Amino acid sequence: MNASWRRYLRFWGARVEEDIDDELAFHLEMRAREYMDRGMNERDANAAAMRRVGDIARARATCRTIGHRRQRRMHRAQTLDALVQDLRYALRTLSRQRGWTAVALLTMALGIGASTAVFSAVNSTILNPLPYAGARRVAMIWRVDPKSKVMITPDLEMFSAWEKESRAIEAMERYGTEEVTVTGRGEAAKLGAARIRPTFPAFTGLPLLRGRTFVREELVPGGRQVALISERLWRQQFGGADDVLGQRLMLNDKPVTIIGVAAGRMRLPMPSALPTDVWLPLVKDSLVFGDLTVARLKPGVTDSAARREILDIIKRNNLTPKLSRSRFELQLVRPGDVVSFKTSLYLLAGAVALLLLVACANVAHLLLARGATREREIAIRTALGAGRVRIARQLLTESALLAVAGCVGGVLFAYAGVRALALLRPASLVALAFTSLDSRALVGAVVMSALAGIAFGFTAAFHAIRRTTADSLRGTATSGGGAPATHRLRSLLVITEMALSAMLLVGAALLVRSVHNLQNIDPGFDTANLYSMNVQLPRNRYPADADRRRFMEQVMREAGAIPGVVAVTAAGATPPGIGGFMMSALETRAGMDPAPQAMMMNFITPNYFSTLRLRLEGRTFDEGSLERNDVIVNRAFARKHWPGQPAVGQQMRFGDGRQKSDEGWMTVIGVADEVPTGGAMREPDQPLIYQPMDPRAGLSRISFAVRVKPGFDPVAPLRNVVKTLDDRMIPPAVTTVDADLASSIASQRFTMMLLAVFATLAVVLSAIGLYGVISYVVTQRTREIGIRIALGATPRNVARAVVSRGLVLSTIGLALGLVAAVWGTRVIKSTLYGVTGTDPVSYVATALTLLAVSILACVVPMRRAMRVDPVIAMRGE
Amino acid sequence: MSEPAIDFLKGTLDLMILKTLSWAPTHGYGIARWIEQCTDDTLSVEEGSLYPALHRLEERGLILAEWGITEHNRRAKFYRLTVAGKKQLRTSHEYWARFAGAVTRVLETAPTTA
């Protein structure tokens with residue numbers, strides 16, 4: 001094939017038509033000659049020959065077609081051949097410089113992988129968190145108390161009115177969440193459950209994998225006990241078998257028939273602590289914690305229009321909420337907005353974008369550097385006859401090959417990164433579990449890196465060709481050292497990398513300090529050697545209040561008897577947990593405010609304060625407290641209702657002031673310091689009421705706080721106590737209060753860790769870039785250095801010169817980066833705690849770190865410079 | 001000057017071209033003349049078929065083309081058989097012999113009277 005190919009090129013070229021004409025003309029001529037030999041004259045002979053040959057036009061046309069076809073095929077083969085040759089050469093070259101290639105590939109892969117993973121996370125949790133049909137139009141509806149800004153769910157009357165009359169809403173659903181205990185299949189486990197209407201699966205647009213939704217008989221109290229299970233539960237417990245329908249599941253000790261399997265992607269609009277594995281029918285009075293309302297707007301309806309309409313509907317139907325006669329607002333909240341760590345996620349997205357830029361700059365830098373070192377090779381090839389275009393194409397192929405390999409690596413890293421995020425997430429960041437690889441983010445990152453890689457490869461090629469052959473072969477070039485344009489470009493790249501790294505480092509430093517501050521917040525009580533054990537008392541086995549009280553007292557007695565235990569107390573919750581929350585109007589002897597207040601509550605046993613070592617002014621509860629309606633409040637509560645006066649002795653009662661009788665007054669007997677509620681921080685404005693543990697309160701969840709002797713681990717003994725008292729109960733979780741407090745700042749810690757990783761990567765990449773530039777300069781200026789040494793410069797002088805050049809570049813980059821950081825940290829102010837955006841410690845630390853790294857990056861080139869032999873250098877090789 | 005007597009099947013033309021070239025490389029006109037001479041002008045090659053056939057054979061790699069000089073000092077395109085061409089010639093020749101033999105047998109066999 002090669003032989004004919006070459007021959008073809010030599011003799012055909014682009015002259016297909018001409019050749020065919022020549023060939024046919026020859027034939028005609030020979031035919032005419034035949035006739036002339038027989039005696040015809042020339043003209044007649046030609047005419048006869050033409051007649052003889054016949055339809056020459058068709059022959060010519062056919063031959064042309066064949067000729068062009070061959071030409072095209074040859075051309076294709078030629079291009080392919082050249083491409084294969086280029087690729088093989090590129091592979092050879094790249095594998096000869098393994099170190100460089102590895103760095104370039106790794107840089108690209110990390111940049112693409114990290115940025116895609118984070119962008120995917122942002123997309124799945126904030127921008128597009130729900131896999132529902134029409135997800136963009138889905139929003140939760142809340143009532144907002146204008147004063148306290150507390151959000152409450154709308155009640156059933158409102159819901160029904162809206163469902164009937166709203167024209168802005170396409171569909172709506174009510175649902176509740178709870179936790180159920182599944183027994184009977186291996187160890188007892190707690191699963192997340194939801195109570196939904198039969199129309200919920202249709203609302204999500206996700207069809208059931210098996211079975212059917214609920215029917216009327218199953219929606220009444222006392223009706224058939226049925227449930228849908230999640231795909232995950234189906235595969236785990238039932239092996240994905242088809243006969244799952246009709247099987248039974250023991251939920252909370254009651255048998256429930258499985259009537260369907262929900263798609264794996266079906267989940268509640270708002271993420272809850274446990275993924276929903278069991279879907280139960282929303283039966284009247286079945287909700288434990290109240291319901292939530294979600295709606296899907298019709299296409300084209302704005303949030304404000306919908307809000308106006310539903311408010312109208314309430315007014316029209318004269319529906320006033322029972323608790324308040326004052327104004328209230330309605331709010332539509334998109335599922336993505338509720339993500340508590342939204343800011344952190346955006347912060348990470350920004351950080352990783354910076355990292356990607358650094359990575360691109362680094363790859364570009366590496367390509368330029370390589371382009372420079374290959375000048376000689378290219379010069380030789382040019383001298384041997386390779387066309388410029390050919391060389392440029394070959395270099396481009398190299399860059400393209402590198403870009404493709406880097407992208408492939410990037411895709412792998414991206415996939416791994418997404419899995420890592422989902423697996424390593426702190427438990428509180430539930431939404432991250434649903435992160436999936438976002439193809440758009442991946443394509444974006446890949447395209448950007450590929451473009452950067454190819455663009456800079458091209459630039460390198462371009463510069464490499466422009467140098468004249470003689471100069472390159474001589475190896476001296478201009479005494480300034482290399483193509484000035486490339487050098488400037490590379491210096492610029494290094495400065496950029498340094499600046500970006502500085503920004504990342506500042507951000508990481510600020511976050512590290514914030515987390516440190518958060519971890520060291522004084523919780524207001526003594527958390528050393530303090531454990532909390534949360535127990536859930538299933539209602540079916542502890543129906544009566546007396547049963548629950550008895551259990552509680554038994555646990556306290558048994559736990560107190562354990563040798564290492566110092567004190568045990570019981571309450572609705574141990575900080576940072578919250579016992580309960582209520583909204584009510586409050587009346588004091590001084591007067592009342594009719595607007596309902598939001599306040600937290602906790603039912604406690606008398607030794608609560610002493611066990612927690614929480615400071616209490618006044619006294620704690622005693623046996624008669626329940627009778628006398630004693631209460632204890634925290635300082636925030638006291639400040640709010642009795643500012644400037646001692647709260648002990650004051651009286652208050654719940655209600656809107658319409659009670660005429662003198663009943664229900666409660667007396668404040670003590671004021672306690674604030675404790676963290678929900679987060680690690682003690683909010684100064686969170687009022688909290690403590691009440692004596694009242695059996696009639698119907699508490700099914702009890703938290704035991706246990707103080708132990710230092711070094712004693714009570715986890716196993718405490719669980720044993722519970723097991724002995726009731727072996728069908730799920731073994732309760734026993735954790736230290738310190739751990740609970742720590743996990744409440746899990747989100748910040750997670751962000752901090754990731755940011756620290758990104759910053760480190762960026763710094764490493766910048767160091768590599770700086771090393772490259774300084775190294776290059778040293779190589780180019782070898783002659784000059786040789787001369788200097790010959791003229792008497794000491795190696796120390798030379799070293800200083802080299803290092804100072806490197807420091808100049810990094811100082812410029814550092815300065816730019818710090819300035820940019822000041823501006824940039826304004827954005828993340830809300831995630832910082834205890835530090836300002838211009839915290840000097842962070843900035844100084846960043847500067848020192850970068851300078852140190854820069855000096856380190858210059859070490860190797862510096863030593864090379866110091867060892868330059870002036871004789872060899874001046875000879876110029 | 002005989003009229004183009006019989007129309008050729010493309011395949012047989014290819015076979016004859018290959019055979020002609022197996023004697024010696026020659027140009028298109030030379031192939032046409034040789035066939036006419038061999039058959040005493042019984043078979044006359046139609047030029048409209050000859051050159052497309054030649055070009056197709058070249059595309060298939062069975063023959064190679066090269067510009068050269070004739071004995072009259074004219075520039076002409078000479079064709080030559082390749083190794084693949086030689087093999088194809090052998091195969092086609094065998095096939096032709098079998099085919100022709102079979103047709104002949106049909107034409108000459110008379111039904112035996114019962």
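**Before going on**

I noted that this is a predicted model, where local features need pLDDT of at least 70 and side-chain atom pairs count only at pLDDT 80 or more, while totals for chains, interfaces and linings use all residues. Residues are numbered from 1 along each chain as its sequence is written, chains are lettered from A and ligands numbered from 1 in the order in which they are written, and side-chain values use heavy atoms, with hydrogens and water left out.

**Entry 1: strand S17 of chain A**

I wrote down my terms here. Helices (H or I, at least four residues) and strands (E, at least two) are DSSP runs, numbered from the N terminus. Two strands pair if DSSP finds at least two bridges between them.

S17(A) also has five bridges to strand S19 (residues 666–672) of chain A, and these two strands run parallel. I picked out A:Ile632: it stands opposite A:Gly670 in S19(A), and its bridge partner in S20(A) is A:Tyr690.

Next I checked cover. Buried means under 20% relative accessible area, exposed over 50%, and partly exposed in between (1.4 Å probe, protein chains only). S17(A), residues 630–634, is mostly covered, with five of its five residues buried. A:Asp630, A:Ile632 and A:Asn634 point one way, A:Val631 and A:Val633 the other way, and all are buried.

**Entry 2: chain B as a whole**

I counted four helices and three strands in chain B. From the N terminus on, they run α-β-α-α-β-β-α. Of the 114 residues in chain B, 40% are buried.

**Entry 3: the sheet of chain B**

Which order do the three strands take? I found an open sheet, S1-S3-S2, with antiparallel pairing. The edge strands are S1 (26–27) and S2 (63–69) of chain B, each pairing on one side only. S2(B) is joined by seven bridges to strand S3 (residues 75–81) of chain B, and the two run antiparallel.

**Entry 4: a histidine in helix H2 of chain A**

A:His27 is found in helix H2 of chain A. Is A:His27 buried or exposed? I read a relative accessible area of 1%, so A:His27 is buried. Leaving aside neighbours within four places in sequence, A:His27 is in contact with A:Val53 and with residues of chain B including B:Gly28, B:Tyr29 and B:Tyr51.

**Entry 5: cysteines**

A disulfide is a covalent bond between the sulfur atoms of two cysteines. The rule I used asks for a pair of cysteine sulfur atoms within 2.5 Å. The count comes to zero disulfides over all chains. A:Cys407 is buried at 10% relative accessible area, and A:Cys63 is buried at 1%.

Terms used
Contact = heavy atoms within 4.5 Å.
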